[in-house]
Amino acid sequence: MRANSDSADCEFYQLRLYVAGTTPKMKAAFANLESICEEHLKGRYSIEVIDLLENPQLAAGHQIFAVPTMVRQLPEPIRKIIGDLSNTERVLVGLDLRPLK
Amino acid sequence: MTEYEYKPAEPQESLREIIYRDPDGKVVVDNKGRILYANPAFARLTGQNTDTLHGQLFGFPIIEGQSSEIEIASPEGGYGSAEMRAVQINWQGIPASLVSIRDITERKQAEEALKKSEEKYRELIENISDVVWTVDKNLNITYISPSIEQMVGETVENYMKRSLKEWLPPSSVEKLYSTISEVLEKEKDPNYDTKTPRVVELEHYLKDGSTIWGSMHVLPLRDKNGNIAGFQGITRNITERKKAEEALKLAAEEWRTTFDSITDMVAIIDTDRKIKRVNKAFARALGLTPQSIIGKTCYQVVHDLNEPHPSCTFDNTVGANKTCHHELFEPNMGKHLECAMSPLRNGHDDIAGVVHTFKDITRRKEVEAEQQALRDKAEVSSRLASVGEMAAGIAHEINNPLTSVLGFSELLLQEDLPPETQEHVKYIAEGSKRVKGIVKRMLTFARQTKHHKTSLDICELIDNTLEMRSYVLKTANIEVIKKYAPGLPCVTVDPGQLQQVFMNLIVNAEHAINKARDGGTLIITTEREDGTISISFTDNGTGMSKETLSKLFHPFFTTKEPGEGTGLGLSLSRSIILEHGGTIEVNNDFGKGTTFTIRLPVTQPAEAEKSEDSETQPKSKDVKPPKASILVVDDEPGVRDYTREVLAQAGYDVEVTGKPAETLEKLEASSYDAILMDIRMPGMSGKELYSDIKAKWPEMARRVVFITGDVSDASTDEFLKEHGLPYISKPFEQDALLEKVSELLRT
């Protein structure tokens with residue numbers, strides 16, 4: 001197991017946010033994600049938003065059970081976080097940026 | 001962080017059992033979000049097998065404890081709402097999260113629908129200007145819609161701080177309570193529809209203390225047990241409506257008062273001429289109550305007819321859609337009415353009826369008639385004035401030769417003539433006397449324009465009038481019977497005017513008699529009655545019908561054929577008699593005859609003027625004239641010679657001249673005891689000559705007696721009165737001349 005601090009500091013985060021439509025809840029999830037990334041991953045992240053209402057086939061690859069779901073495609077291994085991303089602590093844990101308490 | 005090796009694990013029996021049976025979707029995930037266990041409900045939600053789910057990456061639940069809403073991909077496609085919860089558990093020694101997924105799609109939809117509907121109603125309530133409210137039993141406000149701010153100017157918060165009672169004036173609180181008790185009373189009736197609100201109109205305070213009018217719909221509010229917990233209702237601002245109502249009420253009141261204050265009769269009738277409404281004046285004029293009039297036709301009520309009055313303009317008014325006027329005399333009311341009809345249009349501009357007004361113009365008609373009578377009288381007067389002028393001129397012309405005819409025939413009669421000749425001369429003398437009388441009467445009649453009253457014997461005046469009509473009366477075979485009371489006092493009247501009255505009555509009598517038969521009698525009676533003298537003219541003619549009698553003194557009313565009479569005679573006569581302070585009345589026996597009676601006040605002796613006719617003064621024949629010289633100046637040779645003859649026979653020294661200039665020469669030469677001088681002469685008038693004499697010989701001027709042909713001439717009359725000069729009117733008889741001269745010589 002690598003030390004989180006080393007990799008977390010230099011690795012690029014390729015993130016994908018799966019949503020269903022542009023409901024306020026989905027928009028809130030994106031805003032939450034963006035602000036967390038800006039704070040903790042500034043300059044080394046990308047967020048791709050996939051609207052499954054428009055492109056339902058794109059859900060298959062990652063086996064999306066529910067939306068909003070955020071998938072960390074890079075760095076590997078793939079991580080998945082489910083929910084509105086309003087709980088920053090839990091998001092950071094899900095992204096392996098924080099240890100689980 | 002503790003690493004562990006993944007392997008499918010058996011759940012603890014008891015926990016697994018719970019999770020397994022849970023109707024909500026349950027899934028146990030490890031820290032990486034991998035599914036350790038999924039229950040059948042979750043499998044159903046996702047449309048997968050529980051077995052295939054194991055090991056799949058579900059995702060790390062970012063929530064803990066509280067719930068979060070997510071969307072779940074349904075097996076049928078699309079997404080449904082779900083509520084997600086997550087708790088950390090120890091799953092067979094592995095730290096894990098137990099995630100619950102509850103499908104809330106339906107609940108969500110219901111919530112959504114509810115929310116929408118709530119929003120709709122809230123919007124409705126908040127946007128309508130009416131105020132929705134609920135109060136408890138003590139009228140404390142438990143809910144008030146935001147529109148209260150718009151209505152009252154107070155925020156919902158502040159409004160609710162006060163009880164509803166405090167927002168209403170005391171009288172309105174009372175009204176509200178009585179409405180509430182009414183509601184409660186009605187509630188006891190099992191048939192009463194409890195959903196029907198009671199409506200009450202109240203005044204409501206504004207924030208600034210002024211008031212508005214509101215209409216409140218009130219319904220009771222019940223608790224679970226059906227007991228009344230308070231009241232609910234809607235209040236609407238009706239101030240504008242109230243104002244409009246007030247204005248309407250005022251307008252109606254104004255209209256009603258105006259309607260009843262109009263002194264003309266006003267009725268509103270419908271298109272069938274039935275009376276819908278009348279004003280007080282209308283009812284009063286007919287002596288009826290408005291109630292008894294309404295519903296009847298106007299012609300029934302006003303004219304007492306069974307069909308419209310022939311001169312009614314109703315059809316015209318309705319047909320032409322314009323105001324029409326007509327005048328009529330209504331015998332039932334004894335009034336002249338001016339009627340106006342104006343169409344009354346309804347909101348669609350159709351004729352709904354007619355406004356019918358009647359103006360009582362009886363007085364106006366009377367005044368008009370009086371004015372007409374005065375105008376006619378004035379016209380007659382002016383006509384008579386010109387006749388008078390002409391008569392005066394003619395009189396002068398006639399009087400000069402008449403003086404000679406009358407004078408010399410008298411002188412001849414004194415001569416010793418053969419009897420036959422004497423008889424012939426007598427005819428000349430009598431004939432000329434009659435001519436003298438006619439001329440005198442003509443002058444009297446003409447002189448009426450002057451309207452001077454004089455004290456006279458009324459019987460003589462009647463005789464004079466009768467004489468003017470004597471020929472006609474005789475040829476019509478009418479016998480005139482005079483019943484004069486002896487010794488009647490004098491009356492002060494205008495002889496010309498009175499003659500006109502008598503003439504009218506005589507002519508009317510003739511007419512009535514002629515209509516009845518050939519010939520008849522006219523009885524003229526004079527009597528003394530207390531302070532008056534009554535003069536009656538009774539004929540045995542046709543008499544008059546009731547209708548004629550009622551209009552007898554109306555101007556222009558005549559029963560004569562056109563051209564025979566103007567219809568002014570009696571009207572004028574009445575005016576003249578009234579002007580003299582007298583009365584005129586008529587007694588009629590239809591078919592048998594008519595009597596007109598005039599009563600005139602008797603003149604007090606002191607008031608009586610001295611008769612102007614000095615010729616009629618008592619004569620003093622026996623006085624022997626003293627020896628005196630007299631100069632006679634007259635351009636008319638006949639008059640000059642006659643005068644000289646009479647005076648010379650009486651023993652005077654008489655000198656004559658026909659020229660005024662010669663008079664002055666004679667006066668230069670000698671003086672005279674009397675000068676008889678014609679007032680009208682060619683070259684120099686008597687007036688000028690008198691002025692010259694007066695200037696040169698003032699003593700001599702006092703001895704002048706004028707001879708006049710026309711005293712009716714105003715300027716002559718004035719001249720004589722101004723200088724206080726004696727005069728003698730042509731034609732004169734010798735006695736009159738001698739009397740005049742001796743009178744002068746006595747002074």
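Which side chains meet in a salt bridge of 2.7 Å, N to O? They are those of B:R599 and B:E529. Some notes follow, point by point.

1. **Basis.** This is a predicted model, in which local features need pLDDT of at least 70, side-chain atom pairs count only at pLDDT 80 or more, and totals for chains, interfaces and linings use all residues. Residues are numbered from 1 along each chain as its sequence is written, chains are lettered from A and ligands numbered from 1 in the order in which they are written, and side-chain values use heavy atoms, with hydrogens and water left out.

2. **The opening pair.** A salt bridge here is a side-chain nitrogen of Lys or Arg within 4 Å of a carboxyl oxygen of Asp or Glu. B:R599 and B:E529 link distant parts of the chain, 70 residues apart. B:R599 is in strand β23 (residues 593-601) of chain B, and B:E529 is in strand β20 (residues 520-529) of chain B. Helices (H or I, at least four residues) and strands (E, at least two) are DSSP runs, numbered from the N terminus. B:R599 is partly exposed, at 23% relative accessible area. B:E529 is also partly exposed, at 28%. The classes are buried (under 20% relative accessible area), exposed (over 50%) and partly exposed (in between), with a 1.4 Å probe and protein chains only.

3. **Other salt bridges.** The whole structure holds 42 salt bridges over all chains. One of them joins B:E201 and B:K242, with the closest N and O atoms 3.0 Å apart. B:E201 lies in strand β9 (residues 198-205) of chain B and B:K242 in helix α8 of chain B, so this pair ties together parts that are 41 residues apart in sequence. B:K242 is buried at 16% relative accessibility, whereas B:E201 is partly exposed at 26%.

4. **A bridge within one helix.** B:R21 pairs with B:E17, with the closest N and O atoms 2.2 Å apart. Both residues lie in helix α1 (residues 13-21) of chain B, four residues apart, about one turn of the helix. B:R21 is exposed at 60%. B:E17 is partly exposed at 26%.

5. **A charged network.** Salt bridges also link A:K25, B:E69, B:E71, B:E83, B:R85, B:R107, B:K108 and B:E111 into a network.

6. **Aromatic pairs.** There are 13 aromatic pairs over all chains. The rule takes rings of Phe, Tyr and Trp (its six-membered ring) with centres within 6.5 Å; planes under 30 degrees apart count as stacked, over 60 as edge-to-face and the rest as tilted. B:Y159 and B:W167 are stacked, at 4.5 Å centre to centre and 15° between the planes. B:Y159 is buried at 1% relative accessibility, and B:W167 is buried at 0%. B:W255 and B:F259 are stacked too, at 4.7 Å and 15°. They are four residues apart in helix α8 (residues 239-261) of chain B, which means a separation of about one helical turn. B:W255 is partly exposed at 38%, but B:F259 is buried at 7%. Ring pairs also join A:F65, B:F42 and B:F58 into a cluster.

7. **Charges over rings.** B:R162 lies over the face of B:W167, 4.0 Å from the ring centre. The charged end of B:K120 sits over the ring of B:Y121, 5.9 Å from its centre. The test is NZ of Lys or CZ of Arg within 6 Å of the ring centre and within 35 degrees of the ring normal.

8. **Chain A.** Chain A has three helices and five strands. From the N terminus, its elements run α-β-α-β-β-β-β-α. Of its 101 residues, 49% are buried.

9. **Backbone points to check.** Two cis peptide bonds deserve a look. A:L74 to A:P75 is cis, with omega near -10°; A:P75 lies in the loop between β4 (69-74) and β5 (79-82) of chain A. B:K730 and B:P731 are also joined by a cis bond, with omega about -10°. B:P731 is in the loop between β28 (727-729) and α24 (734-746) of chain B. Next, positive phi in residues other than glycine. B:Q92 has phi near 50° and sits in the loop between β5 (79-91) and β6 (94-103) of chain B. B:D349 has phi near 70° and is exposed at 55%.
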